[in-house]
Amino acid sequence: MVLVQVDGKLNVAELSAKIGNPRLVEGALRELEEGGFIATKQGAVLVREPVKPLALSTERVSAISQFSTFGKNASGKQSASAPESAVSQFSSFGKPVLPAAGRLSQMPPVARHEPAPSDEPVHLPRRTGSVARWLLVAPFVIGLLLLLLVLGYPYDKLKPGIEAAAGKLLQVPVQVGSVGVAYWPRPALLLADVRIGESADVKVDQVRIASPLSLLGSAPHLLSRVDLVGVSVPADFLVSSRLFQASSRDAAETHVIQRLTFEKLTVSANDLALKDLSGEVVFKNDGGVEKASFANVDLGIRFSATPAKGGFLLDIEGFGWKPFGQLLSFDSLQAKGLLQKGKLVVQSFDTTFLNGILKGSWLLDWSGSGLSMAGDATLARLDCRKVSTAFAPELKLEGELGGSLRLRGNGKDWDALLRNIDANLDADITRGILHGVDLGEAVRRGAGFVVNSGSTKFDRLKVAVAINPRQVVGRDIQMSAGMVTASGQFSAVADRPVDAGLLVTMQSSVATARTSVRVSGVLPNLSAVSGR
């Protein structure tokens, strides 16, 4: 009871007055002091009134009995063992909390010349356990306060400063929809609905700035990583942006971005778009681009970009790339090109295409009001069945296609460009079959006999084909099949039947016969009739 009243402020006299039993208080304090439970403050000495040893013992036991009903018998008399029994009910330690009567009687009497009671308060010794608990709790308390501060901070107030800094870096207007923070998977400053450019041509759904604390303080600010998600950007902006110039020391004076990553990137030129790209751009210490790489895993294409004068040098690789759907696929592609403002120049490409090999160069220009293209290529061992299926489904042709191809075209958009293509193909087909007409049967039947359908086998077929939006014309046809050869030309005008005139020569060991054959009809079934 006395121990719980010791608070380090009350002195002995005040504590005695509070409890109302000075002898009880003094005896309890002495016992607690001997046990090391309390200590006097600043060397103060406990003061006790002189009493007779026997009286102290008797009154001490009586004092204990005021706070305990133990030790009294039925008659109400005090038993000799009552104090010890009472104490044992409240402690399992070997030393009782309050001294037994026998022990009190053996204590030496207090000297009468002891000094007056000290006014110094009695206090408990400092406990290191409370300090340890505070050290454990403090980090959680501080973390909670910081979390509340982060959650409650009005981040939208940062928009003007962020827009100004980004505009200075890119040299174009920047608008930020909202500003917030993210905690997972790593802390980041979030910018949502970002618009870049005079007409907001560049759109970014989300910008994540890692290590946002690096923005505090004065410039230059080092941004270790910036993630862009859901980006739609014109190709011309990538080429002309100061962020991607070969050297950008002005940008390095304000902000230094070490790594810029992209997810769901779409690069567009007119109405053409390369979608769902992902990649990263690594910057040098002076702010220039060290390397840039992008890929589309689903489409099977990836390329790296290196800054060059007026644009980017591109190294392109493709595996199973299907830019035009399932019918047209590049099984493997290696290309080198130059991306400039308003144009893409593919200086060389080598690809496995339609089971054959296609090599050449290609130019796409969108600098004007529409699109224009030009390409030159050589072909080797292309599968004619796949070629005809992709470009002329009505034509049934087998064999291996080689030769050269030249393309030219323009239009206001990509669909119009494809409709306006002019192509010249010098085709050389070996070991083939032309389905839909049987020239040999028409020659054997004689003049005036009409042969429908059938097929013509040949060892080699060479023809110069000119394709334009109005018609397809084939000139200088040279077909050979053993002892039979044919030469001539054909034409196919839109919405009209095919018309072809051939001179078929059959050579034997004794004679040579020449017969003209007229072929007409609608693919895939044609009719052949021979004449004199």
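Residues are numbered from 1 along each chain as its sequence is written, and side-chain values use heavy atoms, with hydrogens and water left out. Because the model is predicted, local features need pLDDT of at least 70 and side-chain atom pairs count only at pLDDT 80 or more, whereas totals for chains, interfaces and linings use all residues.

The secondary structure of the protein comprises 13 helices and 26 strands, where helices (H or I, at least four residues) and strands (E, at least two) are DSSP runs numbered from the N terminus. Of the 532 residues in the protein, 37% are buried; buried denotes under 20% relative accessible area, exposed over 50%, and partly exposed in between, computed with a 1.4 Å probe on protein chains only. Among contacts (heavy atoms within 4.5 Å) between residues at least 6 apart in sequence, 45% join residues at least 24 apart.

Helix α2 (residues 12-19) has V12, L15 and S16 as its buried residues. Seen down the axis of α2, these fall within an arc of 100° and therefore line one face of the helix, the arc being that of the directions from the helix axis to the C-beta atoms. The face turned away from the buried side of α2 carries the exposed residues A17 and K18. At the N-terminal end, α2 is capped by N11, a side-chain oxygen of which lies 3.2 Å from the backbone nitrogen of A13. After α2 comes G20, with a positive phi near 90°.

Helix α3 (residues 22-34) has 13 residues and should span 18 Å at 1.5 Å a residue; its end C-alpha atoms are 18 Å apart, in agreement with that value. The expected span is 1.5 Å times one less than the number of residues in the helix. Buried positions in α3 are L24, V25, E26, G27, A28, L29, R30, E31 and L32. Just after α3, G36 adopts a positive phi of about 80°.

The largest nonpolar core contains 94 residues, and those with the most contacts inside it are L191, F244, L260, F262, V281 and V519. A nonpolar core is a set of buried Ala, Val, Leu, Ile, Met, Phe, Trp, Tyr and Cys residues joined through side-chain atoms within 4.5 Å. Another core, of nine residues, lies apart from it and includes V6, A28, L32 and I38. Neighbours within four places in sequence aside, L191 is in contact with I162, V176, S178, V179, D205, Q206, V207 and I209.

Four aromatic pairs are counted among rings of Phe, Tyr and Trp (its six-membered ring) whose centres lie within 6.5 Å; planes under 30 degrees apart count as stacked, over 60 as edge-to-face and the rest as tilted. F262 and F294 form a tilted pair, at 5.7 Å centre to centre with 55° between the planes. Since F262 lies in strand β9 (residues 259-269) and F294 in strand β11 (residues 289-296), the pair ties together parts that are 32 residues apart in sequence. F262 counts as buried at 7% relative accessibility, and F294 is likewise buried at 12%. One aromatic cluster is formed by F262, F294 and F303.

T505 is placed in strand β24 (residues 498-507) and counts as buried at 14% relative accessibility. The C-alpha atoms of T505 and S480 are separated by 9.5 Å, the two residues being 25 residues apart along the chain. Beyond its neighbours within four places in sequence, T505 is in contact with M483, V484, T485, T512, A513 and R514.

Definitions and conventions: A polar contact is a pair of N or O atoms within 3.5 Å; within protein, one must be able to donate a hydrogen and the other to accept it, and residues adjacent in sequence count only if both atoms are side-chain atoms.
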